[in-house]
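Hi,

Here is the structure I said I would pass on.

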Amino acid sequence: MDSSRVFVKDVKRVIVKVGTAVVTRPDGRLALGRLGALFEQLQELNSQGYEVILVSSGAVGVGRQRLRYRKLLNSSFSDLQKPQVELDGKACAAVGQSGLMALYDALFTQLDVASSQLLVTDNDFKDPEFRNQLCHTVNTLLALKVIPVFNENDAVSTRKAPYEDSSGIFWDNDSLAGLLALELKADLLILLSDVEGLYNGPPSDSKSELIDTYLKEKHDEKITFGDKSRVGRGGMQAKVKAAVYAATQVPVVITSGFTRDSILKVLQGKKVGTLFPTKRMMKEIVVSTKDIKPRDMAVSARDCSRRLQSISSEERKKILLDIADALVANEAKIRAENEADVAAAQQAGYEKALISRLTLKPGKISSLAKSIRVLANMDDPIGQILKRTEVADGLVLEKISSPLGVLLIVFESRPDALVQIASLAIRSGNGLLLKGGKEAMRSNVILHKIITEAIPTSVGKGLIGLVTSRDEIGDLLKLDDVIDLVIPRGSNKLVSQIKSSTKIPVLGHADGICHVYIDKSADMSMAKKIVLDAKIDYPAACNAMETLLVHKSLLNSSDIKDIIYELKTKGVEIFGGPIACEELSLPKAESFHHEYSSMACTIEFVDDVYAAIDHIHRYGSAHTDCIVTSDDEVSDIFLKQVDSAAVFHNASTRFSDGARFGLGAEVGISTGRIHARGPVGVEGLLTTRWILKGNGEVVNGDEGVAYTHKNIPL
């Protein structure tokens with residue numbers, strides 16, 4: 001639950017207003033699918049004990065469509081040639097109201113919910129007795145779990161121009177919803193729109209930003225309103241006016257009626273739409289809005305990265321060495337915070353695999369510091385000339401290495417990942433935004449503090465931003481104009497969610513299903529050593545063995561039985577494929593495509609190296625796969641044909657690691673095929689730029705230009 005939305009815990013009575021743009025499609029017909037989804041949300045709220053009141057527009061639009069159809073049926077050909085007079089709005093309202101309520105009643109009936117209709121006009125609210133009776137009637141209906149449906153009775157309204165006249169106690173259904181929120185003492189008003197909320201500019205403009213909390217003093221003069229609703233009366237300007245009016249006593253949220261479960265998300269405390277807080281809420285909200293916004297954080301990281309690139313290589317090296325020293329000097333503080341995270345995770349009942357990844361084991365801080373020093377002493381990767389070409393006489397073109405820009409890394413559980421990623425970002429000249437799992441919050445905060453304090457003011461601490469709220473991730477994933485690459489490190493679900501939620505390029509892997517294949521010619525002593533290391537050294541790692549494939553000729557081998565015995569002795573739970581299950585009496589594996597990330601693995605027997613390769617391609621994740629064999633011809637087949645990011649011969653899969661590869665550290669392991677593959681170190685965080693040096697040359701239709709295109713040795 002977002003800190004600015006905790007008030008929803010006390011909400012009992014909620015008013016939901018749906019506008020014409022939500023009720024109808026662009027062609028004027030009713031949006032049945034959208035209405036069905038909205039009514040399912042209202043039914044769920046009703047069943048959870050909320051008192052739900054609906055304010056609906058759309059009667060005029062529905063009536064207009066019906067009357068146009070009737071008029072068309074009753075018109076002669078000559079009538080249709082004449083100028084068409086616009087239908088009377090009040091007549092449209094009278095016809096549309098019955099049709100709209102018939103649909104609403106049918107939808108609610110299907111969901112086993114009772115509804116009622118209340119038509120009101122502006123003049124009604126001038127009568128104090130009417131207002132008292134209205135409150136009594138609504139309270140009675142709500143006590144019976146009936147959903148009242150309000151609408152302005154446009155058919156008999158004395159308003160002269162219902163689409164323009166904004167005088168009176170209320171002037172459209174938005175202002176009616178605001179008035180009812182106050183009259184009926186609602187706890188929350190939700191105004192549904194056809195956009196996500198209130199923006200500081202036209203929503204269609206990519207530079208416009210969603211305002212998550214509206215503060216009149218801050219936003220009143222800065223908002224540019226677009227056109228009014230395509231079908232209704234007001235549009236966003238009317239909603240804001242109604243929201244400001246209601247928010248004198250009742251909090252209001254403007255959000256999209258097109259987004260799935262938008263009403264439920266508001267009441268779950270999710271940071272969706274735009275909140276109009278009450279004065280009582282204002283103090284807390286003002287404090288929270290002082291926190292840096294996602295876009296500001298990203299822009300700051302970009303600006304700081306440009307300053308980082310402008311300083312000398314030695315200065316960048318010194319920053320890394322200072323960070324390494326600071327980590328060692330503050331090891332006691334880091335371990336204390338990490339132990340608190342681990343204790344909280346254990347108390348919360350997290351899985352052992354997650355707790356293992358969360359724990360900073362003895363020696364880990366010094367190991368991280370050592371990796372940072374190795375990285376600092378590597379050749380500077382920025383500004384390296386990769387290629388030099390003479391385009392024409394006196395015209396030289398250079399291709400140089402360059403930082404990507406701003407990276408967003410989302411990772412789960414592992415606080416050591418924060419250190420590795422931050423050091424790689426600094427070495428490669430990139431700005432960085434980090435979002436760790438909530439289970440590692442204390443560890444991440446102390447590590448971020450120590451690292452950023454070592455960054456000089458000439459660069460700026462904004463170089464590395466730490467995102468603490470999960471809700472901010474959605475906002476960051478929309479910033480494709482500022483953030484250049486997203487690297488998710490975590491579960492299949494996390495990676496898949498991020499890939500489907502952003503236009504920003506995503507680099508990463510969803511699974512780490514690594515295989516070890518023992519060929520018939522394998523040195524069994526070597527095979528045993530490799531298998532035990534690949535599984536037991538760090539079972540929670542993505543490069544740990546998950547499936548052991550064995551040549552069928554070794555089915556009855558005592559060496560294989562010895563390997564299985566040793567695995568079990570070390571505490572590894574073993575599951576079998578169809579053959580292994582039957583021959584070795586092992587419990588059956590539910591799926592070959594499964595990452596245990598724990599002391600468990602699958603074993604299966606295959607016909608030969610080709611069958612092993614087919615199995616890996618069918619069930620693996622293209623991460624890291626290994627063959628143990630003494631036959632060079634077989635190993636050559638395996639190394640050439642297995643299409644994984646890393647393929648090993650007679651070596652543990654645990655070597656698939658940036659530090660072990662000599663990359664200094666890694667931001668993750670990519671199983672994709674674009675830009676970077678395998679452990680991603682500094683090189684994977686770089687792109688290229690072209691630098692052209694001339695002496696006043698011009699193209700001029702290529703007249704007089706003698707292209708040479710000669711490679712110049714570096």
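Leaving aside its neighbours within four places in sequence, Ile464 is in contact with Ala422, Ile426, Leu432, Leu434, His448, Ile451, Thr452 and Ile455 (contact means heavy atoms within 4.5 Å).

Before going on, a word on the source: this is a predicted model, in which local features need pLDDT of at least 70 and side-chain atom pairs count only at pLDDT 80 or more, while totals for chains, interfaces and linings use all residues. Residues are numbered from 1 along each chain as its sequence is written, and side-chain values use heavy atoms, with hydrogens and water left out.

Back to Ile464: along with Leu327, Leu432 and Leu434, it has the most contacts inside the largest nonpolar core, which has 50 residues. A nonpolar core here is a set of buried Ala, Val, Leu, Ile, Met, Phe, Trp, Tyr and Cys residues joined through side-chain atoms within 4.5 Å; buried is under 20% relative accessible area, exposed over 50% and partly exposed in between, with a 1.4 Å probe and protein chains only. Helix α17 (residues 415-428) gives the most to this core, eight residues. Another core, of 37 residues, lies apart from it and includes Phe7, Val18, Tyr50 and Leu54.

What does α17 pack against? One partner is α13 (residues 313-329), at an angle of about 165° and with the axes 9 Å apart. Axes are lines fitted to C-alpha atoms, for helices over the stretch in contact, and angles run from 0 to 180 degrees between N-to-C directions. The two helices, α13 and α17, are therefore roughly antiparallel (an angle over 145 degrees). Ser313, Arg316, Ile319, Leu320, Ile323 and Leu327 of α13 make the contact with Val419, Ser423, Ile426 and Arg427 of α17.

Then there is an open sheet of four strands, in the order β22-β9-β8-β23, with antiparallel pairing. Strands pair if DSSP finds at least two bridges between them. β22 (686-693) and β23 (707-711) are at the edges with a single partner strand each, so one side of each has no neighbour in the sheet. From one strand to the next, the twist averages 25°. Strand β8 (residues 385-392) is joined to β23 by three bridges, and Glu390 has Lys710 in β23 as its bridge partner.

For the whole chain, I get 25 helices and 23 strands, taken as DSSP runs (helices H or I, at least four residues; strands E, at least two) and numbered from the N terminus. Of its 714 residues, 52% count as buried.

Cheers

Technical notes:
Parallel < 35°, antiparallel > 145°, perpendicular 65-115°, else oblique.
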